[in-house]
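Hi everyone, thanks for making the time this morning. I'd like to walk you through one model, chain by chain, so please have a look at it with me.

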Amino acid sequence: MARNGQNGQGAISIRNVTKIYDPEGVHVVAMQDCSFEIAAGEFAVIVGPSGCGKTTLLNAIAGFDNITAGEIYLDGELISSPQKQIKPNVDRMVVFQNGALFPWKTVMENIIYGPIVQGRMKKSEAIQIAREMLNQVGLNEIESKYPEELSSGVQRRVEILRAMINEPRVVMLDEPFRGLDAVAKTVMHEFLMNIYCTRPRTMFFITHDLDEAIFLGNKVVIMTTRPAQVKKIVCVNMPWPREHHILGSETYLGLKKEVLEAVHEEAKKAFEAGEREMA
Amino acid sequence: MAGNNGSGALSSGNFGEVYVEGVTKIYEKEDECQTVLQDCTFHVQRGKLTVLMGPSGCGKTVLINLIAGYEKPTSGHIYIDDISVVGPGRDRLVVFQETALFPWMTAYCNVVFGCQVRKVTKCEIKERAELVLKKVGLYEFRDKYPSQLSGGMQRRAELARAIINDPKILILDEPFRGLDAMTRQLMQEFYVGLFEEVGRTNLFVTHEIDEAIFLADRLIIMTFQPGRIKAEIEVDLPRPREFRMLASPRFMEIREQAIELLYEEAAKAFAAGNKTAYDLVGAVVARKGICKKQA
Amino acid sequence: MKKLKKVFNIRVLRGIISIVIFVGLWQLVVFVKVPYLKNLPYPKEVALDGISAAGTKIYWLNWEISLIRIFIGFIAAQLIGIPLGLAMGVSRKFKDFTFPVFEILRPIPPIAWIPIAILFWPTRELSIYFLVFIGAFSIIVINVLQGVSNISVSLKWAASSLGARPKDIFWRIMIPGSLPSIVTGMTVGMGVTWNVLIAAEMIAGQNGLGRMTWEAYTNYNIPLIVVGMVSIGVAGYLCSSLIRWLGERAMPWKKRF
Amino acid sequence: MNYTVKEERVALNRPKLRIIDPPVFRAIIGILVFLGLWYLLTAVLKLPRFKLLPDPIAVIKEWVSFKPLSGRSLFTKEYYLDIEYSVARTLIAFLLATIFGVLLGLFMGWNRIFYDFTFPMVEILRPMPPLSWIPLAVLIFPGVEIAVVYVTFIAAFFATVMNTLLGVFSIDRNYFLAAKCLGSRPRDIFFNVIVPGSLPFIFTGLQIAMGLSWMSLVAGEIIAGQRGLGYAIYEGSSLYQYEQVISYMFTLGILGYISSAGIRAVGRRLMAWEARRRGV
C-alpha cells in the first residue's frame with residue numbers, strides 16, 4: 001500500500017546501526033544492532049520509550065551526528081557509517097521536537113528561507129509558491145506574522161510547510177505534535193494527511209501517541225528500551241486517505257491492542273531502569 | 001512501582017464533596033472585561049474521581065483557583081459540603097501544573113512542609129512521611145532536591161505532599177503535563193491505583209482526552225471562551241482500570257462521543273471568529289467529512 | 001594515560017597557546033616600538049617588579065586595606081539593601097512609595113558621589129566605605145526585588161493551602177526563593193564595587209591598591225602600575241569567586257547531582 | 001487568610017474612574033517625602049554633618065539661576081559645554097565598544113577555534129576594573145582626551161563582549177540544525193541565526209555597558225579630565241560650590257537615564273518579534 005514518492009525516491013535502509021555515547025568515560029549504548037527498511041514514499045512511524053534512541057537514529061539519518069557501527073543508506077547511497085557522514089542537506093528535512101521556526105523571521109520569511117539560501121528560486125518565485133501552499137491549507141492570512149504570535153498548532157503547520165517547499169526526499173518529524181490537545185491534534189493529522197497525499201514523500205515520524213501512530217502510518221516500528229533495537233514492526237493496511245471514523249473499527253482496535261501491549265512492556269522496563277539509575 | 005503496605009493509615013476516610021453553583025468570573029484589564037467563566041454549575045461527588053476536560057485556555061485553571069480559594073468568583077457560590085469557600089484551606093489540596101515543589105527543599109522537607117507549619121509533633125511527622133514516601137516509591141530519594149528527581153518522581157513527590165495531609169478533596173491541575181507520553185501513561189496507572197485504594201474525592205483537570213477517560217468516573221466537558229459546562233459523561237469502564245482498556249470498544253466509543261462534543265465547540269468558536277480559530281480550520285473540514293460518512 | 005589525555009585536550013592546549021601569544025604580542029609591540037604602546041614595559045620588567053613588590057610588607061598592607069574597605073562597604077550594602085529589596089518585593093504599597101526615589105538616585109554614577117561623601121563623612125575612611133556602599137547598594141536592591149517578584153505564584157499558593165501563615169511564607173518561600181537573585185546581585189555588585197573603590201582610592205585615599213597604582217603613576221614607574229592593575233584584577237577575581245562559592249554552598253538545590 | 005488573596009481582591013474591586021492612579025499618587029508622595037526629609041535634615045534641624053550639605057531649595061535655586069555663583073546653571077553656556085564634552089566622550093567610547101565588542105563576541109560564538117584562542121585573553125583582561133586602567137592610559141596615550149575615552153571604552157567593551165557571547169550560546173541548537181537542513185552555508189547561519197538570535201542579549205549587554213561607561217567617564221574626568229561633567233563636579237567641590245555639585249549629579253543621572261532609554265527604544269525597533277510576542 002506504500003505510495004511511491006517523487007520518482008520513487010527516498011528509500012531508507014538502516015543496517016546494523018550501533019551508537020555509543022561516551023562523554024567523560026560514561027559508556028552509554030543508545031542503539032545496538034538496529035536494522036530495518038523504509039520503502040520509498042512510505043509513512044513510517046517510530047514509537048518507543050523515551051530516551052530509547054529514536055532521536056539518535058533521526059540525527060544519524062539527518063547527518064547531525066555520526067554512528068559507532070553499521071550503515072545507513074538513502075536510495076542505495078551510503079549516507080552514514082563510522083567512516084563516512086554526509087552532511088545535513090535539503091534532501092532530508094527535519095521538523096524538530098520543540099519547533100525550530102526562526103522567531104526573528106515572519107512566517108513568509110521562514111518558509112522562503114530554504115529555497116533562497118540554496119539559490120534555487122528567486123524571491124518573488126518563492127513567495128508565490130509559499131502563498132499557494134499557505135492557501136491550500138487555509139493559512140493565507142498569517143504570512144506577515146511572527147511565529148510567536150501564533151498558536152503552537154499553527155507554528156507546527158508552518159514548520160512542516162517550510163520543510164515541504166524544499167521538496168525533500170525524506171521528511172523526518174520528531175514528535176511534532178507533542179503537547180497539543182485532542183482537537184488540535186486531529187487537525188494536525190488531517191493537515192499532515194493532506195500534505196502526504198498531495199506531495200507524497202518518505203516520512204520518518206517519531207511519536208509517543210499510539211493512536212496517532214496507527215492512524216497515520218503504513219508501518220509502525222516499535223523500538224525496545226535502551227539499547228534500542230526493533231521490537232516489532234506492525235503494518236497498517238488501511239486505505240488512504242484515512243478518516244477519523246476508522247478509530248472505532250475492528251481492525252483498528254486490534255492493531256492498537258497489539259501495539260499497546262508491546263509498547264507498554266518496553267515503557268515499564270525503561271521506567272524501572274530509569275528509577276534504578278537515579279538511585 | 002510502590003509498596004502496598006498499610007493503606008488504611010493513609011486516610012481517615014473523611015471525604016468531602018464540592019458544589020459549584022452559577023459561578024462566573026470576569027477579569028477586568030484596563031477598561032476591558034473578559035468573561036473567563038460563565039454560569040458554571042456542577043457537582044463533584046464524594047469519593048469519586050471527577051475529571052474536568054476542555055481545550056487549553058478554557059478557564060479550567062481559573063475554576064480550580066476558585067475552588068481552592070486563591071481567587072474569588074465574580075458571582076455565584078462554591079460550597080465544600082455545606083460550607084462556602086472563603087479562602088485557601090487544608091481541606092482542599094492542589095497539585096499544580098508542571099510542578100510547585102519548593103526547589104530549595106529536599107523531597108522529604110517538601111512532603112512534611114504542611115505538617116511542620118501546622119506544628120504536628122516530630123515523631124508523628126516522621127512516621128507519616130515514611131509511610132507516604134514508601135507508598136509513592138520515593139523513600140530512597142527523600143534527601144534529593146526536586147531538580148535532582150526525574151519528572152515522574154517530581155509528580156509523585158507532589159502527590160505525596162498532598163496526601164500526607166489527608167485532604168477532604170484532592171484537586172489536580174494537569175499534574176502530568178510536560179511528561180512524555182510513556183511516563184505519563186505509567187503515572188496515570190500509578191495515580192489511578194492510589195485513588196482506587198483510598199477512594200478519596202478527586203477533581204482532576206486535563207486537556208488530554210485519553211487521560212480523562214482512562215481516569216474518570218465522571219467526565220465534565222467545558223467549552224471555550226467563555227468557559228461553560230458543556231456536558232457531563234458518566235464513564236462506566238470497570239475498576240480497577242488497566243492500560244488494556246485504552247483499546248477497548250467502550251473506551252473508543254466514549255472517546256468518539258467526547259471528541260464530537262469538542263468539535264462542536266471548535267466549530268462554534270471558528271464561526272465566531274475566535275483568535276485561536278486557525279487551529280480549528282481543519283477541524284470543521286474534517287468533521288464535515290466524517291458526518292457525511294456516518295449519514 | 002587516558003586521564004592525562006582528557007586534561008590536556010586540544011581546547012586546553014589552545015588556551016595555553018593563546019596566553020603565550022598574548023605575552024608574545026605584548027613583547028613584540030614594545031620591541032618594535034608601535035606608536036603609543038611602545039611606552040609599555042616589557043613583560044619581564046613587570047614580572048620582576050611584581051616579585052620584588054610581593055616581598056615588601058607595604059604591598060600586602062595595601063591589599064589588606066583595600067579588602068577591608070571592600071568588605072565593610074559591601075556588607076553594609078547587603079545588610080541594608082537586602083531587607084529593603086525584600087520589603088519592596090513583599091509590599092506593593094511600600095514599593096510604590098520608595099521605588100521612584102530610588103529610581104531618581106540610581107542612575108547617578110557612584111563615583112559622582114565622591115565630593116558629597118568627602119564633605120559629609122568626618123573621615124576619609126568613612127567616605128570611602130560610603131562610596132563602596134553606594135556602588136553595591138542599588139544593584140542588590142534591584143536584584144532582590146526582581147527575585148521576589150519572580151517567585152512563582154503557585155509556590156505561594158501551594159504553601160498557603162498547606163496551612164502556611166504569612167510568616168511561614170516569608171521565611172520559607174520568599175527568602176529561599178529570592179536567594180539566587182541575591183547571589184547574582186552580589187556577584188555583579190562586587191565587580192562594580194572594586195571599580196568604585198579604585199577610583200575612590202586614587203582620588204581620596206592615602207593607601208590601598210588603587211593608591212599604590214596611582215603613586216606608581218606619579219613616580220612614572222610604569223611596571224609598578226601594571227603590577228598594581230594585575231593585583232587589583234586578582235583581588236577582584238578572588239572576591240567574586242568567594243561570592244560564587246558562598247552562593248553554591250547556600251543553594252545546594254541548584255547543583256544537579 | 002493570607003495576603004495573596006487580599007491582593008487579588010484589591011485588584012478586582014478597583015473603581016473604574018480615578019483622577020490619579022494610586023501608584024502615581026504614592027510615587028509623588030514618596031518623592032515629596034524624600035525632598036522634605038532632605039530639607040528638614042539640612043536646613044531646619046541642622047543636624048551635625050547634615051548641615052554641611054546644601055538643602056534642596058538651594059540646589060534648585062543654583063540650578064535655575066541666571067547668575068549662578070559657580071558660573072554653571074541651566075542658563076549658562078558652561079553647563080551645556082560640560083554636557084557636550086561628556087556626552088561626546090561617552091558616545092565615541094560606547095560606539096567603539098559596541099562595534100568591536102559585538103563583532104568580537106559574535107565571532108567568538110561563531111567559531112569554536114577562534115573562541116578557544118581568544119577567550120583566555122579576555123578572561124585575563126576582564127577582571128581588572130576599567131578604572132584601574134586610568135594611570136596607564138594617561139601615560140601611554142598622548143593627551144588626556146584619548147585616555148578618558150579609552151577608559152570609558154574598556155568599561156563598555158567587556159560587558160558587551162561577554163553578553164554577546166552569552167547571547168550566541170543561548171541560541172537553541174535546533175535553530176542551527178534547522179538552518180543546516182535548509183541548506184545554509186556558514187555565512188548564512190551567521191547572518192540569519194547568530195546575529196538575530198543573540199540580539200536580545202546584546203541589548204541587555206549594551207544597557208549594562210552604558211551604565212558602566214558613564215561611571216568610568218566620571219571617574220576618568222575627575223582624575224584626568226579637563227572639562228566635562230565629572231571634572232566640573234570635582235572643581236565645584238574644591239571651590240565649595242556644593243549646590244552645583246549636586247545639580248551636576250542629577251544632570252548625570254538624567255543623562256544616564258536618557259541614554260539607557262534610548263538603547264531600549266533602539267532594541268525594541270530591531271527586535272520586532274520580541275515586542276509582538278509581548279503583545280505591544
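In chain D, the centres of domain 1 and domain 2 are 34 Å apart, taken over C-alpha atoms. Domain 1 of chain D covers 3-53, and domain 2 of chain D covers 77-277; these bounds come from an automatic or database domain assignment.

A word on the ground rules. This is a predicted model, where local features need pLDDT of at least 70 and side-chain atom pairs count only at pLDDT 80 or more, while totals for chains, interfaces and linings use all residues. Residues are numbered from 1 along each chain as its sequence is written, and chains are lettered from A and ligands numbered from 1 in the order in which they are written.

Now to chain A. Domain 1 of chain A is made of 6-91 + 173-194 + 202-278, and domain 2 of chain A is 100-167. Their centres, over C-alpha atoms, are separated by 26 Å. Where these two meet, domain 1 of chain A brings 11 residues and domain 2 of chain A brings 9; contact here means that the C-beta atoms of two residues, placed from the backbone, lie within 7 Å. On the domain 1 side of chain A we find 9 nonpolar residues, 2 polar and no charged. For the classes, Ala, Val, Leu, Ile, Met, Phe, Trp, Tyr, Cys and Pro count as nonpolar, Asp, Glu, Lys and Arg as charged, and the others, Gly among them, as polar.

Chain A also touches chain D: 21 residues of chain A are in contact with 15 residues of chain D. Which elements give two or more residues to the chain A side? They are strand E6 (92-95) and helix H2 (107-117) of chain A, and H2(A) has the largest share, with 3 residues. Helices (H or I, at least four residues) and strands (E, at least two) are DSSP runs, numbered from the N terminus. By class, that side of chain A holds 14 nonpolar, 5 polar and 2 charged residues.

Let's move to chain B and its sheet. It is an open sheet of 6 strands with mixed pairing, in the order E6-E7-E8-E3-E9-E10; strands pair if DSSP finds at least two bridges between them. Strand E6 (92-95) and strand E10 (229-234) of chain B each have a single partner strand, so one side of each is left without a neighbour in the sheet.

Please zoom in on E3(B). Strand E3 (residues 49-53) of chain B runs parallel to strand E9 (residues 218-222) of chain B, joined by 4 bridges. With strand E8 (residues 201-206) of chain B, E3(B) also pairs in the parallel sense, over 5 bridges. B:Val51 has B:Leu219 as its bridge partner in E9(B) and stands opposite B:Phe204 in E8(B).

Is E3(B) mostly covered or open? It is mostly covered, with 5 of its 5 residues buried, meaning 20 or more other C-beta atoms within 10 Å of a residue's own, with C-beta atoms placed from the backbone (12 or fewer is exposed, in between is partly exposed). B:Leu49, B:Val51 and B:Met53 point one way, B:Thr50 and B:Leu52 the other. In a regular strand, side chains alternate between the two faces of the sheet.

Last stop, chain C: 11 helices and 0 strands. Buried residues make up 43% of its 257 residues, and its C-alpha atoms fill a box of roughly 70 × 65 × 35 Å along the principal axes.
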